[in-house]
Amino acid sequence: MVKLSDIETEQKNERTKNIDILTTIEVLQLMNDEDKKVAGAVEKVLPDIAEAVDIIYEKIANGGRLIYCGCGTSGRLGILDAVECPPTFGVEPELIQGIIAGGMGAIIKAVEGAEDNFQLGVDDLCSLGFTDKDVLVGIAASGRTPYVLGAVDYANSIGAKTISLTCSKGSRLNEISDVAIVPLPGAEVITGSTRLKSGTAQKMVLNMLSTSVMIKLGKVYGNLMVDVKASNEKLFERTVSIVRSATGVDDCEAKEVLERCGYSAKTAIVMIKCNMVVDKAEKALVEADGHISRVIEAYAL
């Protein structure tokens, strides 16, 4: 049995020991002061995040997938990051997925005991057809959750790359992973409530992992999400705005070109900037692995 007093994320925060008797604004100020420490903690582990990004990119570029695994808040954050990638970057839902102890029902309601099941982590990973082509990111603030340890142990056993994201030094999860990302934002405002600073740190790192990989895959041009899917009115208008911003044309021309290329912002930008027809623009993008900047460098007038 692991003693909570030995876990970094379970330490008592002396700065908040009287938080229950403070005024509302004093509580908020204290929480805000503690949250300011999170970005600094993430900054210290940027080299580890960079190593993880390069591993994930290489796996995805060679036909693999990114799988997140976690329990409770950690699992929900992984799933949140995964489900946001298709509408933002136009990738298939299968490319980045998340599993959580207790199954998808645990997203909205805690499933007691599931996180303590080592074999369940193995089973859930196997249910996805996980192979050594894929990469697993195990997320656990304490770094000791059996469900996540089981999944990472299985991934290691078949030769897959593994990455841990924890907020506790010297944890078992960090020890067994190929890359350990360990931001240390310090004791929580409410002792042991890792949905607070630890959760914020994890969210920041997950943002960096997926976004950086998508940039390397050519899903971004400048700072524009050029593979966004125009699946609703807001995203259609965003697609028009992206094409207008990238090319300097007006709304009318942007919409006209988008209609010709099936509302692909990426294709429309290449058509306008390189004076290409649809088929040629699509072919040029394939040859450039989807990177607009490479096409423009080769074909722009």
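These are my notebook entries on a predicted model of one protein chain.

**Ground rules.** I number residues from 1 along each chain as its sequence is written, and for side-chain values I use heavy atoms, with hydrogens and water left out.

**Overall.** I looked up the secondary structure and found 12 helices and 5 strands in the protein chain, taken as DSSP runs numbered from the N terminus (helices H or I, at least four residues; strands E, at least two). The C-alpha trace spans about 65 × 50 × 35 Å along its principal axes. Of the 301 residues, 48% count as buried; here buried means under 20% relative accessible area, exposed over 50%, and partly exposed in between, with a 1.4 Å probe and protein chains only. The chain exposes about 14700 Å², of which carbon and sulfur atoms supply 51%, the areas coming from the Shrake-Rupley method with a 1.4 Å probe, where for residues only the protein chains shown count as cover. Among contacts (heavy atoms within 4.5 Å) with a separation of 6 or more, 64% join residues 24 or more positions apart.

**Cores.** I next looked for nonpolar cores, meaning sets of buried Ala, Val, Leu, Ile, Met, Phe, Trp, Tyr and Cys residues joined through side-chain atoms within 4.5 Å. The largest has 33 residues, and Ile56, Tyr68, Ile181 and Leu209 have the most contacts inside it. At least two residues of this core come from each of several elements, including helix H1 (24-43), helix H3 (72-89), strand S4 (161-165) and helix H7 (197-216). Another core lies apart from it, with 29 residues, among them Ala246, Val249, Val257 and Ala288. Returning to Ile181, and setting aside residues up to four places away in sequence, I noted that it touches Ile163 and Leu165 as well as Val205 and Leu209, among others.

**Cysteines.** How many disulfides are there by the distance rule? I count 0, a disulfide being a pair of cysteine sulfur atoms within 2.5 Å. Cys85 is in none, and the nearest cysteine sulfur, that of Cys69, is 17 Å away; Cys85 counts as buried, at 1% relative accessibility. Cys252 is likewise in no disulfide, the nearest cysteine sulfur being that of Cys261 at 15 Å, but Cys252 counts as exposed, at 60%.

**Loops.** Two residues that I checked sit in the loop between strand S2 (96-100) and helix H4 (118-127): Met104 and Asn117. Met104 is exposed, with a relative accessible area of 51%, and together with Ile107 and Ile108 it makes a nonpolar surface patch of about 340 Å². Such patches are made of residues with over 30% relative accessible area and no salt bridge, nonpolar side chains (Val, Leu, Ile, Met, Phe, Trp, Tyr) being joined within 5 Å and like charges within 9 Å; a salt bridge is a side-chain nitrogen of Lys or Arg within 4 Å of a carboxyl oxygen of Asp or Glu.

Is Asn117 buried, partly exposed or exposed? Asn117 counts as partly exposed, at 35%, and beyond four places in sequence it touches Pro146 and Tyr147. I also noted that its C-alpha atom is separated by 43 Å from that of Tyr221, 104 residues apart along the chain.

Thr145 lies in the loop between S3 and helix H5 (146-157) and is buried, with a relative accessible area of 11%. Leaving aside neighbours within four places, Thr145 is in contact with Cys71, Glu115 and Ala140.

Conventions: This is a predicted model: local features need pLDDT of at least 70, side-chain atom pairs count only at pLDDT 80 or more; totals for chains, interfaces and linings use all residues.
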